[in-house]
Number of protein chains: 2
Amino acid sequence: MAENGLNIVWHSRSLTKADYYDRNGHRPLVVWFTGLSGSGKSTLAHAAEEALFKKGCYTYILDGDNMRHGLNSDLGFSEADRRENIRRIGEVAKLFVDAGIVVLAAFISPYQEDRDRVRALFEPAEFIEIYVKCDLDTCESRDPKGLYRKARAGQLPQFTGIDSPYEEPQAPELVIDTCRLGVEESVAEIIRFIERRSADGGRRTAVGGR
Amino acid sequence: MAENGLNIVWHSRSLTKADYYDRNGHRPLVVWFTGLSGSGKSTLAHAAEEALFKKGCYTYILDGDNMRHGLNSDLGFSEADRRENIRRIGEVAKLFVDAGIVVLAAFISPYQEDRDRVRALFEPAEFIEIYVKCDLDTCESRDPKGLYRKARAGQLPQFTGIDSPYEEPQAPELVIDTCRLGVEESVAEIIRFIERRSADGGRRTAVGGR
C-alpha cells in the first residue's frame, strides 16, 4: 500500500473497443433507418434486430420509444430540439458501438446535415444509412399511430411531411422501398447488405461470428 | 404483400431485456462510483470492469472521458449543468441495462438528490451505489490530473470539495475507503459484493454466468 493509499494509475482505458469486438466476434455497427412516419422504419429495425440477434450478434435498438421517454424527454419538436434529439442519439449510438454492439436506430431524422453529423462520429465501415422510402400518400394511408390524422387536424404542428420538411438521403448505403417490398424481403435485403459490407471491409464478419 | 405494401405490425418491442439477459447469462447492473476527484473512482471502475469482463460479463464503462467529450459536451459545471450531466448519464445507463449490460459508472456526482434520481430509474436489485471514500487532503495530495492545483489557483471555479459541495451518500450499498485499501483489495471487495448481491436476489448470478 502506498503512502496515500491507492496507487493511482491512470488507465486511459482498460478495455477498448477491440476487446469487446474480439469477445463478441463481430464488428460493431450503426444501422440508421431514416424515413417518413409510417414508412416502416421501426418495424424493419425491430425485425432486423431480431434476425441479427438470432445469428448471434450483440444488438440493441434505439427508437422513439426508448429515447423520447428517457434521455430526450426534455426535448420538443422545434427544429433546434430535433437537431439536439438526433445529436444525442448519435452520441449514444457511439457509446454502444464503442461497447461492441450492433445498434439499430430508427428515427425520422429529416435533415441531411443532422444525419451527416451522426455519420461523422463513426468510421466509414461502421455506419450504414438506410433510407426507408415510401411516398407520403401511402404513409398517410397507413397512419399506424394516427399521427397524420392529428397533424392534418392541426394537433401536431411541425409534423414531417405535412408542415415540416423531410430531406431525402443524398447517398444512403441502402434504399428500401416499402411500397414494393414486404417486411421479410426488406429484412433479408438489409441482412444481405450487412453481410456483404462486412465481407468487403471487415477483418471479421459483422454477422454470424468470425 | 398487402395493398399498401408493408404489413405494418407494431411490435411494442421484439426483443426485451429478458432476451439479452438470457443470452448474456447474467443480470444487467449499474455499479455507480461516487466520490471526490482523486478518490480513485475511475481507477476502481476500470479495474472492476476488467475483472467482470474476464469473468465473462458483458460490461461497459461510463466516465468523464466518454461522456463529457460526446453526449454531454454541451454542458458546463454550473449546478444546473451538473444535474443535467448526471440525469443524462443515468438515462444512458438505463439503455445499457436494458441491453443486458453491466454498466460501471464513475462520476463525482456530488448531489444526493441526483444520485437518488438515477437510482429511481432502476429496479432495486439493479443499482449498486459505491461511495469511494477518501478525505479531501489525501485526494488533494494525490491530485492525479492536477485539478486541485488549478482549482486552488482559481482556474476551475465550482470545483467539488473546494468551492462546491460534495454530499456524502446517505445509504450506499458499499463504502470503499481508498485511504486504507489498495486497488486489488478494493476491487475484490466490489466483486464479492456483486456476487453476494446476485446470489441473494437473482434468479441468475450477476457474474460468471448461470
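B:Gly25 sits in the loop that links helix H1 (17-24) to strand S1 (29-34) of chain B. Helices (H or I, at least four residues) and strands (E, at least two) are DSSP runs, numbered from the N terminus. The model is predicted: local features need pLDDT of at least 70, side-chain atom pairs count only at pLDDT 80 or more, and totals for chains, interfaces and linings use all residues. Residues are numbered from 1 along each chain as its sequence is written, while chains are lettered from A and ligands numbered from 1 in the order in which they are written.

**B:Gly25**
- B:Gly25 counts as partly exposed because 16 other C-beta atoms lie within 10 Å. A residue is buried with 20 or more other C-beta atoms within 10 Å of its own, exposed with 12 or fewer, and partly exposed in between, the C-beta atoms being placed from the backbone.
- Between the C-alpha atoms of B:Gly25 and B:Tyr131 there are 28 Å, and the two residues are 106 residues apart along the chain.

**Chain A overall**
- Chain A has eight helices and five strands, in the sequence pattern α-β-α-β-α-α-β-α-β-α-α-β-α.
- Of its 210 residues, 44% are buried.
- Among the contacts in chain A with a separation of 6 or more, 74% join residues 24 or more positions apart. Contact requires C-beta atoms, placed from the backbone, within 7 Å.

**The sheet of chain A**
- Five strands make an open, parallel sheet in chain A, ordered S2-S3-S1-S4-S5. Strands pair if DSSP finds at least two bridges between them.
- Its edge strands, S2 (59-63) and S5 (174-177), each pair on one side only.
- On average, neighbouring strands of the sheet are turned by 20° against each other, direction ignored. Axes are lines fitted to C-alpha atoms, for helices over the stretch in contact, and angles run from 0 to 180 degrees between N-to-C directions.
- Strands S1 (residues 29-34) and S4 (residues 127-133) of chain A run parallel and are joined by five bridges; A:Val31 has A:Ile128 in S4(A) as its bridge partner.
- Helix H2 (residues 41-54) of chain A lies across S1, S2, S3 (102-106), S4 and S5 of chain A, at about 170° to S2(A).

**Nonpolar core**
- The largest nonpolar core has 99 residues, of which A:Val103, A:Ala105, B:Val103 and B:Ala105 touch the most other members. Such a core is a set of buried Ala, Val, Leu, Ile, Met, Phe, Trp, Tyr and Cys residues joined through C-beta atoms within 7 Å.
- Leaving out residues up to four places away in sequence, B:Ala105 touches B:Val30, B:Trp32, B:Phe33, B:Leu62, B:Ile89 and B:Ala93.

Note on methods:
Two residues are in contact if their C-beta atoms, placed from the backbone, lie within 7 Å.
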